[in-house]
Structure formats: C-alpha cells, structure tokens
Amino acid sequence: MKFGLFYEHQIPRPWHEGAEHQLFQDALAQVELADTLGFDYIWEVEHHFLEEYSHSSAPEVFLAACSQRTTQIRLGHGIVLMPPAYNHPARVAERISTLDLVSNGRVEWGTGESASHIELGGFNVDPKHKREMWAECTRETAKMMTQSPYAGYEGQYFSMPTRNVVPKPLQTPHPPPWVACSSRDSLRYAARYGLGALTFAFVDASEAKFWVEEYYEIFEKECEPLTQRVNPNIAMVSGFSCHNNEETAVARGLDGLRFFRFALAHYYHNGSQIPGQTDIWQLYRETTQEPAEGRAGIGTPDQVREHLEVMEDAGVDQVVFIQQAGANRHEDICESLELFAKRVLPDFKARDAAQVEKKNQRLTEAIESAEKQKPALTSLGEVPVVDAYPVLKRKLEEKTEKVGATEMSDDGEKFLLSIEGGKRTEKDT
C-alpha cells in the first residue's frame with residue numbers, strides 16, 4: 001500500500017498579515033520533506049471561494065512549485081474541476097501536459113465535477129448537468145493530450161475546431177486518470193469508466209474491503225474507459241497524527257480533523273456563508289464536538305499501523321493523510337511525518353512491490369480488454385487551413401483586385417503599422 005498527503009490549504013480565521021504566504025511556504029516545506037521521507041503522492045485540491053476551508057484555487061501553480069523541490073513523489077491533482085466554465089478542456093490539457101514535462105512525468109490527473117453551491121453559482125455552472133459536463137470534457141481532454149492535431153469537437157457543453165493542443169505530456173498516452181468519489185455510487189462509475197477512485201468519503205477501515213471488492217469486480221466485468229488509458233486504483237483518505245504519546249497525537253491532530261469535517265459540512269450540506277464575513281472557525285468553536293472515537297490514523301505509531309493494516313488487508317491501494325487541517329501546526333505536522341516514516345512506513349514499503357505484482361497479475365486480462373474499448377479518436381480527414389487574419393486577408397484580396405497586386409492596400413498598410421507598433425522606417429518603406 002502506498003501513502004499520500006492531502007492539501008486543502010486550510011486557514012481558519014482570524015487571518016493575520018502574511019498568514020496566507022506562510023501557509024503556502026509551510027506546505028511547500030512539508031511536501032519537500034515528504035519527498036525525502038519516501039511518501040508516494042501529494043494531492044492538491046481545486047476549490048474556489050471556500051474561505052477557511054480551502055485556499056487552493058490554483059493547484060497547477062502549487063504543484064509546479066513542488067515539482068522543482070522534489071524528485072520522486074507523484075504530483076496529484078485532487079482534483080481538476082472539469083465543467084468548462086471552470087476550466088476549458090484545452091487549458092486543462094495544456095496545464096497537465098506542461099506540469100508532466102517540468103516534473104519529469106510525475107503527474108496524476110484527478111478529475112471531478114464540483115459540488116458546492118458557492119462554487120457552482122460563482123461560475124454559473126448548472127448543477128443538474130455537471131456530471132455530463134465532467135464526462136464530456138474529461139473524455140475530450142484525454143484526446144487532446146493524445147491526438148496531433150486534435151480533431152475538434154461539437155458537443156453539448158463545449159465545442160472547438162481542429163487544433164494541435166501543445167505541449168504533449170511525457171507520460172503516454174497521458175497521465176493516470178482519477179475521479180473524486182464521495183459515495184459508493186460514484187465509486188461504481190469510477191470503476192465502469194476505468195478511472196482511479198479518489199475516495200474522499202471517510203470510510204471506516206472495517207468497511208473498506210466491501211468498497212474495494214465492488215470496485216474491482218465492476219472494473220473486471222463492466223469497464224468501458226472514458227479516457228485513453230485505464231487506472232484501476234483506490235485511494236482513501238484518513239485523518240493522521242503520529243506521536244509516541246497518544247494524548248499528544250490526539251491533541252495535535254483531532255481538532256484539525258474535526259474542523260475539516262465541520263467546514264466540509266458547512267459548505268456542502270448545512271451552512272450559510274456571507275462572503276468575506278462568516279467566521280467558520282468561530283462557528284466550529286461554538287459547536288459541541290464529537291467524541292474521540294473514529295479518529296482514524298491518529299495515535300501512536302503502533303495504533304496508526306494497526307489502522308493502516310486493516311486498510312491494507314482490505315486491498316486499498318493508497319491511503320491519503322489529511323494532516324494540514326484546521327489550526328494544526330507546521331512543526332507538529334513535520335514531526336509526525338518523520339516519526340511515521342521511521343517507525344511505520346518501512347513495513348508497508350517492504351510489502352508493496354509484491355502486492356502490486358499480485359494485483360497486476362489478477363488484472364492483466366481485464367486491463368487488456370478495457371483498453372480495447374477506449375474512446376476512438378475522431379478521424380481527422382483533411383486538416384483545415386487556418387489563416388492568421390481571415391477577415392483582413394479577404395479584404396486585401398478584394399482591394400488587390402481593384403488597385404493591382406503591386407500596390408499595398410490601405411487596410412494592409414494599417415495592419416502592418418499595428419503589428420509594428422505604429423512605426424515604419426524609411427528602409428522599410
């Protein structure tokens with residue numbers, strides 16, 4: 001089983017001057033440390049307007065910075081919002097490919113449809129059609145990273161003509177695709193589409209095996225890929241805080257996990273937000289909190305190991321730790337990562353290669369069968385000519401017929417002046 005870190009860039013109020021700057025610098029330092037310690041993945045969200053809960057609105061920028069501070073850790077979009085009002089598919093393809101090049105092929109392409117009203121409304125995305133938007137745009141983005149040139153598309157939610165979307169990613173045909181899953185229903189369509197399941201629901205470790213078994217059964221029997229490659233994997237989130245003293249681990253980690261859940265519910269289920277004014281941290285502090293039970297990966301190294309072994313036995317491919325949450329301190333996060341890497345991580349790494357090989361043997365036929373059903377690339381036919389300035393060209397041709405091919409038309413002269421900054425030298429004339 002592999003391990004990742006999950007970043008929302010949470011920053012509860014009150015915000016002092018320079019707080020956001022420090023938040024991002026601390027996160028970069030944590031990722032750099034995780035890379036040296038042997039963690040396998042980082043996952044960076046894309047959210048908009050979710051004050052306190054997530055200040056990660058430009059994940060591609062943060063991940064690019066991480067790529068230059070690390071050497072082996074995988075850089076995961078967890079996730080890119082795919083409805084085109086958030087991100088045009090061509091822009092997604094360009095950014096994913098560029099990040100893959102600058103990171104030497106370490107990108108994981110997580111996708112999602114979005115869910116919170118404050119985000120959907122902010123970008124005028126119709127909630128009734130967001131899943132269809134996600135599917136259409138994800139399918140076509142994968143083609144853009146694969147086809148040279150991309151044949152173009154006339155769709156229900158976006159359209160574009162034939163263009164060669166460049167650059168192309170280092171990983172071929174494109175980085176591994178994932179989709180955000182918040183329920184068993186969404187996990188099922190992840191399996192049917194051949195996508196890795198980024199399971200952001202807090203699944204009890206004892207229930208994980210039922211989710212895993214269902215996912216792989218559907219993948220083996222029903223997979224019809226949405227993208228140009230399949231990625232049968234399940235990642236599940238877990239709270240995390242590791243210390244030799246149990247009480248210290250709980251004191252350092254549980255409050256942040258509780259705030260994470262509280263703010264999630266505030267934006268996605270039962271809260272009301274006045275932009276720029278509502279203080280979610282204060283609302284959280286005024287609310288009676290849940291007991292310490294169900295604290296997931298928070299405890300001593302032995303307690304954390306016990307929790308994770310249940311996930312491993314269930315067949316979970318990756319556990320993603322939520323530690324940068326609430327008011328958790330940077331120094332405590334780093335100390336926890338170091339202790340985990342020293343006391344717990346080596347045992348799981350020692351078993352991982354054999355488990356991956358066993359899984360690959362089981363899925364070989366299913367993967368080969370699924371790959372044969374991936375969406376066909378649209379036939380190009382004759383690639384159209386695209387004139388730089390088609391309207392100007394037509395006018396020039398019309399006037400040239402009247403005044404003669406050797407005489408520059410007024411429109412042509414104005415055009416040359418405009419692109420040369422309005423100045424023509426005697427030599428030019």
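Two strands pair if DSSP finds at least two bridges between them. Helices (H or I, at least four residues) and strands (E, at least two) are DSSP runs, numbered from the N terminus. This is a predicted model: local features need pLDDT of at least 70, side-chain atom pairs count only at pLDDT 80 or more, and totals for chains, interfaces and linings use all residues. Residues are numbered from 1 along each chain as its sequence is written, and side-chain values use heavy atoms, with hydrogens and water left out.

**Exercise 1.** Find the strands that pair with strand 8.

*Solution.*
- Step 1. Strand 8 and strand 9 (residues 234-242) run parallel, over three bridges. Here Ala197 stands opposite Ile234.
- Step 2. Strand 7 (residues 177-181) is also parallel to strand 8, through four bridges. Trp178 stands opposite Gly196.

**Exercise 2.** Are the two faces of strand 8 buried or exposed?

*Solution.*
- Step 1. Buried means under 20% relative accessible area, exposed over 50%, partly exposed in between (1.4 Å probe, protein chains only).
- Step 2. On one side, Gly196 and Leu198 are buried. On the other, Ala197 and Thr199 are buried. Both faces are covered.

**Exercise 3.** Classify the ring pair Phe3 and Phe321.

*Solution.*
- Step 1. Rings of Phe, Tyr and Trp (its six-membered ring) pair if their centres lie within 6.5 Å; planes under 30 degrees apart count as stacked, over 60 as edge-to-face and the rest as tilted.
- Step 2. The centres of Phe3 and Phe321 are 5.7 Å apart and the planes stand at 20 degrees, so the pair is stacked.
- Step 3. Phe3 lies in strand 1 (residues 2-7) and Phe321 in strand 11 (residues 318-324), 318 residues apart. Both are buried.
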